[in-house]
Amino acid sequence: KVLVVEPGKVAAESQIRLWPQNLTTKKTAENAADFWLTEKGIVYADREMIIHFGKYALKGENVITANRENSFLITANEQNYFVVHLENPVAATNINELFNSLKQRQLLFPGVVTVKNVWLHPFSQGKILIGTLSAVYSLDMNKIQLEKIYGAENLSLLAMSDNEIFVANGKNKITAVNLVLKTKTTLPIKIGEGGSMRTNPNGTKIFILTEKNELLFYDRSAQKTENISSDAKDFFLSPEEKRIAIVKKNGGTEIFYLSDYENDTKETRGSIFKIPLPQKETLSNFSWIQGLPNQFLAMDGDNLLISEIDSRPPLNFQILAGGVKKYFLQKKELFVLKENGDLLQTELSF
């Protein structure tokens with residue numbers, strides 16, 4: 001590492017990490033095509049798209065949503081969505097049938113409505129959110145109660161924070177719906193056709209990736225929108241929320257500083273650090289590592305690499321595994337799905 005030493009200033013390098021050339025792993029599944037982490041453990045789909053949880057084969061042909069802090073799983077086939085409670089994985093609830101039954105009996109809304117999307121509730125384990133073309137509902141799976149929480153024409157749910165959902169209507173106006181206070185706030189931003197949106201956990205920072213690959217940042221406290229990239233393919237907010245990693249559409253990855261940031265180096269708000277990795281392709285599946293502020297995981301083609309974030313050359317990185325299809329990091333536990341179908345588990349020691 002090349003450090004500049006100046007009188008009266010400290011040149012620090014406190015984030016040195018040595019990573020193994022060969023990971024010590026244990027195999028948790030074979031013939032896997034995909035996997036998900038839940039509160040109760042690993043769920044995986046084999047190459048015949050049968051979904052497995054331990055010794056159980058679960059209802060559905062694919063997993064729609066899973067959460068490592070939730071014991072509920074949402075699966076689907078071509079016609080229906082299902083809720084699987086992993087406490088009793090042999091049973092599955094048909095959401096389409098239950099929703100339309102409760103809509104007619106409890107809410108007195110006639111007719112059969114198509115379920116467009118289903119999500120796990122952001123803070124209530126026993127609840128799910130159901131989206132139709134004109135409304136979002138909350139379904140309490142413990143009490144078997146249905147509640148309509150928002151309605152509009154041509155509705156789509158864009159993002160979720162810890163206690164809000166962000167929805168758009170046919171005019172692309174974005175409304176924040178507080179699931180605790182039941183309040184609704186229209187935001188002075190729009191999302192175009194084909195755009196996507198994400199927010200930080202408390203919903204104060206909103207990011208919109210447009211169909212033209214522009215990345216917009218809306219600060220709710222300042223009520224200000226800023227274009228922070230014109231060539232973004234994907235983006236990942238850091239745990240302390242002062243930095244955002246932007247994977248560029250035309251190759252390369254850069255770190256954009258949303259706020260002044262100080263670690264071993266000082267970076268000012270708005271500055272950009274372009275990560276000088278010898279990439280085969282555009283990086284994908286970028287992951288900040290909780291507890292290691294200057295390290296990240298990412299896929300470069302089918303190589304899983306770990307790298308530092310440091311503007312002082314050289315940039316040091318290590319390829320942890322090749323032939324990787326997917327990975328997931330949960331605290332220090334690293335799960336790696338290989339192209340040959342092996343699902344491996346290891347621990348990153350730091």
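# Reading pockets, rings and strands in a predicted model

Analyst: Let's begin inside the protein: the largest cavity takes up about 90 Å³. Please keep in mind that this is a predicted model.

User: Happy to start there. Which residues are closest to the centre of the largest cavity?

Analyst: There are 13 lining residues, and Y257, Y261, T265, N294 and I309 are the closest to the centre. Searching the whole structure turns up one cavity of 30 Å³ or more.

User: How many nonpolar, polar and charged residues are in the lining of this cavity?

Analyst: Its lining has five charged residues, four polar and four nonpolar.

User: Now the pockets. What sets a pocket apart from a cavity?

Analyst: A probe that fits in a cavity cannot get out, whereas a pocket is open. Here the largest pocket holds about 2,300 Å³ of space. Of its 47 lining residues, N67, R68, T199, P201 and F328 are the closest to the centre.

User: Which strands supply at least two residues each to that lining?

Analyst: They are β2 (32-38), β10 (117-120), β14 (156-160), β18 (196-199), β22, β28 (284-289) and β32 (324-330). By class, the lining of the largest pocket divides into 25 nonpolar, 14 polar and eight charged residues.

User: What about the second largest pocket: how much space lies in it?

Analyst: That pocket has about 350 Å³. Its lining counts 14 residues, with K9, V10, A11, D264 and T265 nearest the centre. Six of the lining residues are nonpolar, two polar and six charged.

User: Let's turn to aromatic side chains. How many aromatic pairs are there?

Analyst: The idea is that two rings pair if their centres lie within 6.5 Å. By that rule there are seven aromatic pairs. Take F207 and F235: their ring centres are 5.9 Å apart and the planes meet at 45°, so this pair is tilted. F207 belongs to strand β19 (residues 205-209) and F235 to strand β22 (residues 232-237), so the contact ties together parts that are 28 residues apart in sequence.

User: Are F207 and F235 buried or exposed?

Analyst: Both are buried. Compare a second pair, F286 and W288: with centres 5.3 Å apart and planes at 70°, it counts as edge-to-face because the angle is over 60 degrees. Both F286 and W288 are buried as well.

User: Which residues form an aromatic cluster?

Analyst: F236, F286, W288 and F296 form one. F236 also has a charged neighbour, as R198 lies over its face at 5.8 Å from the ring centre. Likewise, K326 sits over the face of F35, 4.9 Å from the ring centre.

User: How should I read a sheet?

Analyst: Strands of a sheet pair through backbone hydrogen bonds, and they may run parallel or antiparallel. In this model, four strands make an open sheet in the order β6-β7-β8-β9, with antiparallel pairing. The edges are β6 (62-65) and β9 (93-94); each has a single partner strand, so one side of each has no neighbour in the sheet.

User: How many bridges join β7 to β8?

Analyst: Five bridges link β7 (residues 72-76) and β8 (residues 81-85), which run antiparallel. One to find on screen is T75, whose bridge partner in β8 is F82.

User: What joins β10 to β11?

Analyst: A hairpin does, through six residues. Four bridges hold β10 and β11 (residues 127-131) as an antiparallel pair, and L120 has I128 as its bridge partner in β11.

User: Finally, which residues have backbone angles worth a look?

Analyst: P314 lies in the loop between β30 (303-308) and β31 (317-321). Then check L108, which has a positive phi of about 60° although it is not a glycine. L108 sits in the loop between α1 (95-105) and β10, and its relative accessibility of 65% makes it exposed.

User: And where is N285 found?

Analyst: N285 is in strand β28. Its phi is positive too, about 50°, although N285 is not a glycine. With a relative accessible area of 38%, N285 counts as partly exposed.

Note on methods
Residues numbered from 1 in each chain as written. Predicted model: local features only at pLDDT ≥ 70, side-chain atom pairs only at ≥ 80, totals over all residues. Heavy atoms only, no water. Phe/Tyr/Trp six-rings, centres within 6.5 Å; stacked < 30°, edge-to-face > 60°. Buried < 20%, exposed > 50% of the residue type's maximum accessible area, 1.4 Å probe, protein only. Lys NZ or Arg CZ within 6 Å of the ring centre and 35° of its normal. 1 Å grid on protein atoms, 1.4 Å probe; cavity = no way out; pocket = protein on both sides within 12 Å on 5 of 7 lines; lining within 4 Å. Points joined across faces, edges and corners; volume = space filled by probe spheres on them. Nonpolar A, V, L, I, M, F, W, Y, C, P; charged D, E, K, R; others polar. Pairing = 2+ DSSP bridges.
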